Amino acid sequence: MILALSFPLLLGLCCHTMADGPASLSPRRPDGLKFELPPTHYETKESHTPGPIGGLFRMVRVFLRVVQPNAFPEDILRNVIQKKLDLSAEYEKPESVVLTLKIVHYEIGIIICAALGLLFVILMPLVGFCFGLCRCCNKCGGEMHQRQKKNGAFLRKYYAVSLLVICMFISVGIIYGFVANHYVRIQLEKTRKLADSNFKDLRTLLNKTPSQIEYILGQYNTTKERAFLDLDDIKSLLGDGIHQQLRPKVIPVLDEIKAMAEVIKETREALVNVNTDLQKLKAWSARLSTGLQDVRESLQQSLSDPTCSAPPGHTTCNSIRDNLNQLDDNTNLSQLPSLDKEIENVNNVLQVDLSSLVQEGYKTINDIPDRVQNQTMDLVPAVKSTMNSIGSGIENINKQIPLQDKLSPFLNHIDEYETYTHQTLPMLEEYDSYRWLVSLVVCFLLTLIVTFYYLGLLCGVCGYDRRATPTRRGCVSNTGGIFLMAGVGVSFLFGWILMMIVVLTFVVGGNMDGLVCEPYRSRKLFQVLDTPYLLNEEWKYYLSGMIFNNPDINLTFHQVYSDCKDNKGIYATLRLDNSYNISEHLNLEHYAGNINRDLENMNVQINDTVLLDAAGKKNLVDFSSSGVDKINYNAYLAETAKSPTKGNILTFANDIEEKSRMLPAGTLKQSLIRNAQEIRTIYNKQVTPLRASMKILHSNVQELQFRNSGLKVKVANIIYSLDSAQNFITNSISSIIIQESKKYANMILGYFEHYIQWVRTAITEEVAACRPVATALDSAVDVILCDSIVKPMNLFWFGIGTATVLLLPALIFAVKLAKYYRRMDSEDVYEDSSVSGTWHLTL
């Protein structure tokens, strides 16, 4: 029943299942946007294992391969299906003769075995009848007289062991028969559950198809929501993209101008500090020069004392007089020019706030995302409107193609087949009960025979007495012989009937296994059915002729079954693009073009971006012309690097004081000591602070020189970089906007294209995945027909046939052995004659 349902359902479902044509858009899978159809769960197992009995099935299959080693006869089967063999009318045609010979060649093993079985069926009752008549005439072992033989004990043991071994093999065959008979009954009891499971899965397949289509079309809302989020975030996605493209070219230039603005301020501050310090140093230097001059004049006046004219004061005074030049001023700070002019020039430069102008440049660049958002305010609603219209179109598609109405007839067919199955199964179970009873009777007949043999061996072996003569054997031993002969009689009565059943089941089961079960599993059977012009002489491919009314489309049973086995969708399996293309109804590419056109019309204008205006550039040029870089820094550095005095006046003061001690007490000595103290005072209060201030000024001049060295070159480079950046903005901003706009548009379209690609893939490969159809076909052919009927049938005839064939040697050994167990009517008696040396037989 399931087999009858599978192919019509497959053909019918495919004719009404939608599928999408090839999409022209390139597949793209945006991050965070993933679509998956909800999984569909089916009850029927995809694979079936017979369990431990599978080993027995394989054993029988090995025997069949020995009997029938020929390969699957594809050509013969094709000729038979095409009805080229009609022996009733065309038996004399050469092709019919050749085909008949091919069939005979393929079936030669089965024919020989069947012929031997039929010979057994004919000869068994005939031999049994003759054997019975012969026994009635006291022939063929019917005479109740046993002749004594020297090897009698050995023969008795040999016959008993041989019969026991044969009975054991017969018992194994009987067990195979019982197992196979029981297995068929158990499997057929599961047929109802298996059929219901397959029907439920097929019904699930049909019921899930509309919901799968609805789910696929409903996922457009997810795509649209994601696109809406990106449209609302155009400021960061598009504006930041443009901004990031400009930053490497623009921001470094603005940073340099900003740094130069800081340099201008710092230069002005440094100039003011240097100029102020210079004026202070000039004043300090003048005071120092005056103080030193006063001390020098005081010393010269002191050295004019008469004491310096006579020794030893003469030498001391001359020594002091020779070192008076140490009190001279060593610097010429008064000659250093003032920096007022440069300070005035820099102050004029600072009248223009260059830092504010730079901040305006920064703001202009950083405001690009906001400008992009403001300029695309009208674009976003237009794109959203287009996407909403797509959603409406998709909803209309689902309404225009009512899948439930198209699939309802097949649901009705499933219901009809299921009802038919439920009505037929009780009849099948009833017939199976008859089969089971017949098989049980067959097994019990063999069991009865082998039981007679076992009882005969048991009684014969246990009741046999070596000391008893054949005419005096015990009752138990005699009963054993009777059991053996009863087994022989039953074998002759029913053996030919058993063999007839074996031959019938062997011919049917062997051919079913070789012509249906094995080629079905290897899929060679589908290859035969796929032969061009086989099932219909006018159709090259039968399936495509039935489905599309176009038999030239390469659609085969093998390909359909394989695709369904791989759980592919009906569209891909049956190549429905040759008949029904959903792209005509789901023309999403048209909407994609509308979206792309809207995005291409995006008008973002930021060509008016100015990094630094003309006032800012003039400010930089004015600073480079302020003369800061032309200051004679070397003169300043040279003067500030000098010592305030030509000599170390502190050492000179100490020397004066030391030499004054060598003078006699008086006015000269006191005057020199007073002048030495005055020199120390000048050193501590004027020379030391002046030296420290000169070092500070020296350092400030060095810093000012370093900051403004190459000022014109620096400003020229900044202006060049500024012009380059401005030219880049003017000349390249359009291409950047176009590039980033395309990137943004591709991102928005990427969601849409990804959805379209998924729709195509899902409908063509995932919707209405037809594995339940292949599973139903497997259940009908592989599970029910082959595993539940054919293979147990083959095991049955194999076991029963083996046991039946072994009845022949068993009955021979039983007849032979019965002579040694049954009580005889007469026996051989021997008397010893010592005179003549001969034995005389007495009856």
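**Helices, cores and cysteines**

Start with helix 8, residues 191-218, and helix 9, residues 220-232: their axes lie 5 Å apart and pack at an angle of about 10°. Keep in mind that this is a predicted model. Angles under 35 degrees count as roughly parallel, so helix 8 and helix 9 are roughly parallel to each other. Who makes the contact? On the helix 8 side, I216, L217 and G218; on the helix 9 side, Y220, N221 and T222. By class, this contact has 3 nonpolar and 3 polar residues, and no charged ones.

Now the second pair. Helix 13 covers residues 354-366, and its axis comes within 9 Å of the axis of helix 10. The crossing angle is roughly 170°. Over 145 degrees counts as roughly antiparallel, so that is what helix 10 is to helix 13. Helix 10 brings a list of residues that includes H243, V250, L254, I257, A261 and E262. Helix 13 answers with residues including L354, V358, Y362 and I365. The contact of helix 10 with helix 13 divides into 10 nonpolar, 5 polar and 4 charged residues.

Stay on E262 for a moment. E262 is found in helix 10, which spans residues 234-302. Is E262 buried, partly exposed or exposed? Its relative accessibility is 36%, so E262 counts as partly exposed. Along the chain, E262 and L354 are 92 residues apart, yet their C-alpha atoms are separated by 9.0 Å.

L354 takes us to the core. The largest nonpolar core has 141 residues. Which of them touch the most other members? I242, L246, L299, L327, L354 and I679. Leaving out residues up to four places away in sequence, L354 touches I257, A261, I264, L612, G616, N619 and L620. As general background, nonpolar side chains in soluble globular proteins tend to be buried together.

On to the cysteines. How many disulfides does a search of the whole structure find? The search finds 2.

The link of C517 and C786 is left-handed, with -100° about the S-S bond. C517 sits in helix 17, residues 475-522, and C786 in helix 28, residues 771-805, so the bond ties together parts that are 269 residues apart in sequence. Both C517 and C786 are buried.

The other disulfide is formed by C564 and C770, with sulfur atoms 2.1 Å apart. The torsion about the S-S bond of C564 and C770 is about -105°, so this disulfide is left-handed. Again, distant parts of the chain are linked: C564 is in helix 20, residues 557-565, while C770 is in the loop between helix 27 and helix 28, 206 residues apart. C564 has a relative accessible area of 1%, so C564 is buried. C770 is buried too, at 0%.

C475 is in no disulfide. Where is the nearest cysteine sulfur to C475? That sulfur belongs to C459, and it is 9.0 Å away. At 55% relative accessibility, C475 counts as exposed. C113, at 28%, counts as partly exposed.

That's the tour.

Note on methods
Residues numbered from 1 in each chain as written. Predicted model: local features only at pLDDT ≥ 70, side-chain atom pairs only at ≥ 80, totals over all residues. Heavy atoms only, no water. Disulfide = S-S within 2.5 Å. Helix = DSSP H or I, 4+ residues; strand = E, 2+ residues; numbered from the N terminus. Buried < 20%, exposed > 50% of the residue type's maximum accessible area, 1.4 Å probe, protein only. Core = buried A, V, L, I, M, F, W, Y, C linked by side-chain atoms within 4.5 Å. Contact = heavy atoms within 4.5 Å. Axes fitted to C-alpha atoms, helices over the stretch in contact; angles between N-to-C directions. Parallel < 35°, antiparallel > 145°, perpendicular 65-115°, else oblique. Nonpolar A, V, L, I, M, F, W, Y, C, P; charged D, E, K, R; others polar.
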